[in-house]
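Please look over the structure below.

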Amino acid sequence: MPLLAIVSAITTFITGGAFLLGFNICCLAFARGENVVVSRMFDGFKQFKNAFLANVIIGVLVFLWALPLIIPGVIKGLSYSMTCFIMADDPQTDANEARKRLINGKP
């Protein structure tokens, strides 16, 4: 049973960013009144590298901000929460650039 939990955690870590990006693509399409189909959930895998890097970068930065106290980590987690929406809106944007756009206030 622990092996199944470990495999599940690793699979979620690897594919989580792509599924989150695909979900954000679907949400943006719905908000814009476009046709939303289930297959659009997998569009995040077209940008798998960027989605994975965004997931890793945000996870590491939030962890580091949470080391001194919990509150800074929560604040940074909220400030980085729109990174995948920026990547969904502009597919040419890489993970770090999308995160920096949030910090600079230039979506």
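Which side chain meets that of arginine 101 in a salt bridge? The model is predicted, and in it the partner is aspartate 90, at 3.3 Å from N to O. The two ends of this pair come from distant parts of the chain. Arginine 101 sits in helix H5, while aspartate 90 belongs to the loop between H4 and H5. They are 11 residues apart. Aspartate 90 is partly exposed, because its relative accessible area is 25%, between the 20% and 50% cut-offs.

**Salt bridges**

Side chains of opposite charge can pair when their charged atoms come close. In this model the count comes to 6 salt bridges. Three of them are listed here.

| Salt bridge | N to O distance |
|---|---|
| Arginine 101 and aspartate 90 | 3.3 Å |
| Lysine 46 and aspartate 43 | 3.5 Å |
| Arginine 40 and aspartate 43 | 3.6 Å |

Aspartate 43 pairs with lysine 46 and also with arginine 40. Shared partners join Glu34, Arg40, Asp43 and Lys46 into one network.

Is aspartate 43 buried or exposed? Its relative accessible area is 18%, under the 20% cut-off, so aspartate 43 counts as buried. Arginine 40 reaches 23%, so it is partly exposed. Lysine 46 is exposed, because its relative accessibility of 70% is over 50%.

**The whole chain**

Now step back to the overall build. The protein chain has 5 helices and 0 strands. From the N terminus on, its elements run α-α-α-α-α. Its C-alpha atoms fill a box of roughly 45 × 45 × 20 Å along the principal axes. The chain has 107 residues, and 26% of them count as buried. Take the contacts with a separation of 6 or more: 47% of these join residues 24 or more positions apart.

**Two helices in contact**

How do H1 and H2 pack? Their axes are 8 Å apart, at an angle of about 110°. Angles from 65 to 115 degrees count as roughly perpendicular, so H1 and H2 are roughly perpendicular to each other. On the H1 side, the contact is made by Phe13, Ile14, Gly16, Gly17, Ala18 and Leu21. H2 brings Phe48, Ala51, Phe52, Asn55 and Val56. Sorted by class, this contact has 8 nonpolar residues, 3 polar residues and no charged ones.

**The nonpolar core**

Which residues make up the largest nonpolar core? There are 12 in all: Ala18, Leu21, Ile25, Leu28, Ala51, Ala54, Cys84, Ile86, Met87, Ala88, Ala95 and Ala98.

Leaving aside residues up to four places away in sequence, cysteine 84 touches Leu20, Leu21 and Asn24.

**One more residue in H5**

Lysine 100 lies in helix H5. Its relative accessibility is 41%, so lysine 100 counts as partly exposed. Along the chain, lysine 100 and threonine 83 are 17 residues apart. Their C-alpha atoms are separated by 8.9 Å.

Conventions
Residues are numbered from 1 along each chain as its sequence is written. This is a predicted model: local features need pLDDT of at least 70, side-chain atom pairs count only at pLDDT 80 or more; totals for chains, interfaces and linings use all residues. Side-chain values use heavy atoms; hydrogens and water are left out. A nonpolar core is a set of buried Ala, Val, Leu, Ile, Met, Phe, Trp, Tyr and Cys residues joined through side-chain atoms within 4.5 Å. Buried means under 20% relative accessible area, exposed over 50%, partly exposed in between (1.4 Å probe, protein chains only). Contact means heavy atoms within 4.5 Å. A salt bridge is a side-chain nitrogen of Lys or Arg within 4 Å of a carboxyl oxygen of Asp or Glu. Helices (H or I, at least four residues) and strands (E, at least two) are DSSP runs, numbered from the N terminus. Axes are lines fitted to C-alpha atoms, for helices over the stretch in contact, and angles run from 0 to 180 degrees between N-to-C directions. Angles under 35 degrees count as roughly parallel, over 145 as roughly antiparallel, 65 to 115 as roughly perpendicular and the rest as oblique. Ala, Val, Leu, Ile, Met, Phe, Trp, Tyr, Cys and Pro count as nonpolar, Asp, Glu, Lys and Arg as charged, and the others, Gly among them, as polar.
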